[in-house]
Number of protein chains: 2
Amino acid sequence: MDLSDRKRKILQAIIDEYIGTAEPVGSRAISKKENLGLSSATIRNEMADLEEMGYLIQPHTSAGRIPSDEGYRFYVNSLMQKYKIGVEAVSQLQMILENRVSQLEKIIKFAGAMASKLTDYTTVVTAPSGQNLEIKKIDLVLIGNRTVMLIVVTQTVRNQVMNIDIDEEVCRKLAVILNQKLSGLTASEITFDRIQEIQREIEQTVSLSPKVLIDIIHFVYDTITDDADTEIYVNNAKSILKYPEYSDVEKAGKIFSFLEDKENLKKLVNSTDSSGDGIEAKIGKENNLEIMNDCSLVSINYSLGDKASGKLAVIGPKRMNYSKVFASLDLISNEIDKILKYYISDE
Amino acid sequence: MDLSDRKRKILQAIIDEYIGTAEPVGSRAISKKENLGLSSATIRNEMADLEEMGYLIQPHTSAGRIPSDEGYRFYVNSLMQKYKIGVEAVSQLQMILENRVSQLEKIIKFAGAMASKLTDYTTVVTAPSGQNLEIKKIDLVLIGNRTVMLIVVTQTVRNQVMNIDIDEEVCRKLAVILNQKLSGLTASEITFDRIQEIQREIEQTVSLSPKVLIDIIHFVYDTITDDADTEIYVNNAKSILKYPEYSDVEKAGKIFSFLEDKENLKKLVNSTDSSGDGIEAKIGKENNLEIMNDCSLVSINYSLGDKASGKLAVIGPKRMNYSKVFASLDLISNEIDKILKYYISDE
DNA sequence: TGTTAGCACTCAAGGTATGAGAGTGCTAAC
DNA sequence: GTTAGCACTCTCATACCTTGAGTGCTAACA
């Protein structure tokens, strides 16, 4: 299955060209542009071979060739040139980040925005699950008549509201117990057993009707362990409309619907490999999703030390500038890692 | 400037028709559909009059007429029929809301989602400014080495992070003082003078380097008064692509860019009347914004008692179904008001 | 005086033919 | 193994024509 050096060069030239123009590329164009010293006829023969091998597709007899999914795959794996991001961009990114040590969420949103700015494609970024973040503090605040807000502080803040009939005094006592028992743990370490232990402790200290107590216990447990609404942020969705492959409004609309459907988007993004710290590209059908057949998803994991991790991904046309996207994601994820490591360090 | 009854009926019929079809409507169509007992020739004469008066426009000589901005305006002010929302939809909305008394943010997001579901247009919803919400509690939590998070609880939670070198003990003391001095107030009541008063109090109780103290004071003041990032949520942006007036990808792209540009979107939405509790429609050029020339913005204020208010708005083609949009916004804002009133009541 | 039928006219939209251009595959010669 | 040359194919843009919807005007009618 390996290709002659000449075939590789030709395939690379075709894909590079196609990425730029979105037009099928012909033999003449290649023989002119590249200085391979070959005539178009020779290139034609090679192209016919490459097509037979499955790397190229001919939309119709008298058109040039475009890369197949396999062609892109080969390109990404073996042919692609390394893209070098300009020094100005890098130092600008670093500068902004340094002045922006702030909430986790802001950093994450910023990462997405930055990626879409560098690549000019749509980006998707998910917040870390929070299940592995240490609970710094828990608070219970009365914010209205019969309305209590539970606030869980980790690197970020999660809050939830419940209607229940308790007074400020009780609130305070409950908060003290919850803090004693839970702070320092991570959400994933908190089992329902542990919470029930707390329930017994509360029974001894505070006088509450059993129903209210049970409600509170469930409330606390749910709030802490609920991971359903890990956020997912989409940036620059409109860039989709820039690419000729979506000039069909019908098609564009479908992609937009998909990008607004956070649940399925999460599924897609989470279907990428979560273990490594490398970049993963899923090209067209590799995504196993009808709507992504004409798109590629390039993703990278960023991490908060060893505690939790999220994903930063780019969604774009299959003929995206992979090398630029790879370089951008790599850069951002590295810089963000640095910041986050500093930001959550405990010593 | 008043119109004969017949002209009104004809104008109404034309706009109703155009709202449905997005095609210029001709005299024959009107004379057939409406049972006015008039021939197309008569209608034609009336239409010529209406055009002269500025209510209608003829895209080209041999086409039917479409409403002008003034035509829509007249329609909205005087002609429009009341739309009745189905009982099922209403009771469904009420049911969901009742089971969903939860954070302010969630309610707001839900309002936007619901409006876009009812109308099938793009909706925009802004959170209340927070400046008039009472501070329930303030907390200061150490979340990492030299990293402090300030948490301000009102009906909602705002948090901000700062790098500063203090220990847990100091944190706690500061939190106590801040709570004593600030809880119960609204952000708008907090002046820098007042904060400086607190600064003096801190100086007496806690030993801190002057620089750190000043940093903290600024940090607190900024976090509380910062209103820059009041959120704005966009729903169902993709619906734009459904309407033939945006089948031009170019045009659609511009609208999308605009919808992603939160700052300018806020400006647009906030340019609507904020005092009343009625519905306001801005049609085409009335928005004073190039990009909105072919769109209408219909908005309503919702309120949290008398304390703060936000906006719920629909953005759609000028030929939107105004009467349905009006009814939907009215319904949702009413229901949300009810819930919020209950939710923030203090007694 | 208001309404209507009739007719000539206009214009956009859609279908068809045509030609140019890009690109291919194949063959034969180098 | 490489290349020049040629016939062939297919898309795209253009021009042209037809069709149909709709108008404005005029003259006749109630």
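Trainee: How many disulfides does a search of the whole structure find over all chains?

Mentor: This is a predicted model, in which local features need pLDDT of at least 70 and side-chain atom pairs count only at pLDDT 80 or more, while totals for chains, interfaces and linings use all residues. Residues are numbered from 1 along each chain as its sequence is written, chains are lettered from A and ligands numbered from 1 in the order in which they are written, and side-chain values use heavy atoms, with hydrogens and water left out. With a disulfide taken as a pair of cysteine sulfur atoms within 2.5 Å, the number that the search finds over all chains is zero.

Trainee: Is Cys295(B) buried or exposed, and with what relative accessible area?

Mentor: Buried stands for under 20% relative accessible area, exposed for over 50% and partly exposed for the range in between, using a 1.4 Å probe and protein chains only. Cys171(B) is buried at 2%. Cys295(B) is likewise buried, and its relative accessible area is 0%.

Trainee: Which helix gives the most to the surface near DNA strand D?

Mentor: A residue counts as near a strand if one of its heavy atoms lies within 4 Å of it, and 21 residues surround DNA strand D, with Arg6(A), Thr42(A), Thr61(A), Ser62(A) and Ser27(B) the closest. Sugar and phosphate make up 74% of the atoms of DNA strand D that come within 4 Å of the protein. Helices (H or I, at least four residues) and strands (E, at least two) are DSSP runs numbered from the N terminus, and α3 (40-52) of chain A and α3 (40-52) of chain B each supply at least two residues of this surface. With four residues, the element that gives the most is α3(A).

Trainee: How far from a phosphate oxygen of DNA strand C is the N or O atom in the side chain of Thr42(B)?

Mentor: Around DNA strand C there are 21 residues, of which Ser27(A), Arg6(B), Thr42(B), Thr61(B) and Ser62(B) come nearest. For the side chain of Thr42(B), the distance is 2.5 Å.

Trainee: Which exposed residues does α3(B) carry on the face turned away from its buried side?

Mentor: In α3(B), Ser40(B), Ile43(B), Glu46(B), Met47(B) and Leu50(B) are buried. They lie on the same side of α3(B) because they cover an arc (of the directions from the helix axis to the C-beta atoms) of only 120 degrees. An α-helix has 3.6 residues a turn, so residues three or four places apart point the same way. The face turned away from the buried side carries the exposed residues Asn45(B) and Glu52(B).

Notes
Polar contact = N/O pair within 3.5 Å; in protein donor to acceptor, adjacent residues only side chain to side chain.
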